[in-house]
Amino acid sequence: FPTRRSSDLSDEDKSYYLTLLKRYKEKYQCKIYAYILMSNHVHLFIDPDGYDISSFMHGLNSAYVSYFNRRYNRNGHLFQGRFASKIVDSDTYSITLSAYMNNNAKDLPGYDGREETYRYSSYGIYTGMRRDVEGIADTEYILKLFSNDVKTAQHKYRIFTESMKEAGILKEVDENIMRAYTENEYRSEKRQVIRVESPNELIQKVEKI
């Protein structure tokens, strides 16, 4: 989900965005497999787990705009247009997309070859270089595609992610994402998802049917 803004983010702004991201992840009970905050856009790899992704993004971005306008004594819109989305429908694409996102830091001054040290992405969490102090990244799904042993999976994931920089695949993924941004504006048909039944209650209903 590339989300474009009109001006750069400071480190304090990025930290607050992560605070909001955790808040809305918990509110909507979704999973965030990977993320990276750049100076003028954000990429999120989200499993909405049945919730409407439009509501998630609207709440997250509205809360951030409110914070940003208060802090900088400004008014009006902050994001350029609506967010874009692309369905991830395979394990292969999941791995490739996460590697693409975590490699984005290479374009920042001082981070080429040191991408996992960038604190505003999930890369360091995937490689075990830093703890997920924000409590945002759900790494289990992707890491288990490499190995059931965490340390082995982290090592293999790092090798894979680094190899993507030389494979030319990152450029192809970037073009696909930008095509989604320009052509596939997200339009939700959902209105509300109610989750009040326990698993046992759902099983009993299915048994009756």
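Predicted model: local features only at pLDDT ≥ 70, side-chain atom pairs only at ≥ 80, totals over all residues.
Of the 209 residues of the chain, 44% count as buried. Among the contacts between residues at least 6 apart in sequence, 70% join residues at least 24 apart.

**Secondary structure**

- The chain holds eight helices and two strands, and when it is read along the sequence these elements follow the pattern α-β-β-α-α-α-α-α-α-α.

**The two strands**

- Strand 1, which spans residues 31-37, pairs with strand 2 in the antiparallel sense over six bridges, and the two are joined by a hairpin that runs through four residues.
- Within this pairing, Ile36 has His43 of strand 2 as its bridge partner.
- Strand 2, made up of residues 42-47, is mostly covered, with five of its six residues buried.

**The largest nonpolar core**

- The largest nonpolar core has 47 residues, of which Leu21, Tyr35, Leu44, Phe56 and Leu60 touch the most other members.
- Two or more residues of this core come from each of several elements, including helix 1 (11-28), strand 1, strand 2, helix 3 (91-103) and helix 6 (150-167), while helix 2 gives the largest share, at eight residues.

**Contacts of Phe56**

- Leaving aside residues up to four places away in sequence, Phe56 touches Leu21, Tyr24, Lys25, Tyr28, Cys30, Ile32 and Ile46; one of these, Leu21, is listed together with Phe56 among the core residues that touch the most other members.

Technical notes. Residues numbered from 1 in each chain as written. Heavy atoms only, no water. Buried < 20%, exposed > 50% of the residue type's maximum accessible area, 1.4 Å probe, protein only. Pairing = 2+ DSSP bridges. Contact = heavy atoms within 4.5 Å. Core = buried A, V, L, I, M, F, W, Y, C linked by side-chain atoms within 4.5 Å.
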